[in-house]
Amino acid sequence: MSMWSDTPRISAPPNTKDVDVILGYVKDLANTVAKMAKDLEFIVNGNVDAKNIRSESIETRNLKANSITTEKIQAGSVIAEKINVGELSAISANLGHIVAGLIESIQIYGSLIATRRDGYPRCEMSNTENMFAAYGGNGRAIKVQAYGSPGVPLLTFTYNQGMTILSHRASGFRLDAGSEDAFISAENIMLMPYGKVIVSSWDSIFSEKEQQTLKEALGK
């Protein structure tokens, strides 16, 4: 196909009575018309390609909405330097695997964000469990979570099969260690309630040094 810059042109007939000159003109005219017909057939059949388009000749106003689709764009033909949009929402696509150096001033919703894909240690922010978690290994973790439909705030410590939960519910602040022992070690432990320190019974208070309960020490 010919370039637009050298498209066949029809010149005016020669001003002469010389038969040979006129025959030459007619011959050239026939060739030119043949080339133009071939070009026209090429265009009509939808075979216009990049070499037939003059540089900067296509403008946005000449394009029909939604006329350029993914399957009509050659792979690798659109490079990053040619993309200039105000928001990424202007690009409708599954962006796949993105490797970025720095992301600033954005909002991310409904995502799992983790410090690594697999292995330990690992930190995660999960949208499915509404929690932040740090995993030291398989079965060892600490989680900050808004639990259940009421969104009960929980701080959960997990070590293998054992679990300790700090929570704040309608009934008050709770520490639940289940069947595990709970240790508090300090120089002094001070309990300063506004009301009472409540235990299930005096048998629940045991002196390791005297090896007896408070009930036994009181002789009750």
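1. The model is predicted, so local features need pLDDT of at least 70 and side-chain atom pairs count only at pLDDT 80 or more, while totals for chains, interfaces and linings use all residues. Residues are numbered from 1 along each chain as its sequence is written, and side-chain values use heavy atoms, with hydrogens and water left out.

2. Where does Ser 126 sit? Ser 126 belongs to strand β2, residues 122-126; strands here are DSSP runs of E with at least two residues, numbered from the N terminus. Leaving aside residues up to four places away in sequence, Ser 126 touches Ser 111, Leu 112 and Met 131, a contact being heavy atoms within 4.5 Å.

3. Now the sheet as a whole. Seven strands make an open sheet in the order β1-β2-β3-β4-β5-β6-β7, with antiparallel pairing. At the edges are β1 (113-114) and β7 (172-176), each pairing on one side only. Two strands pair if DSSP finds at least two bridges between them.

4. Next, β3 (residues 131-137) and β4 (residues 140-147): six bridges join them in the antiparallel sense. Ala 133 stands opposite Lys 143 in β4.

5. Six bridges also link β5 (residues 152-159) to β6 (residues 162-169), again antiparallel. Phe 157 has Thr 164 in β6 as its bridge partner. Two residues lie between the strands of this hairpin, where Asn 160 takes a positive phi near 55°.

6. Finally, β6 and β7 run antiparallel and share five bridges. His 168 faces Phe 173 in β7 as its opposite residue, and a hairpin of two residues joins β6 to β7.

Key. Helices (H or I, at least four residues) and strands (E, at least two) are DSSP runs, numbered from the N terminus.
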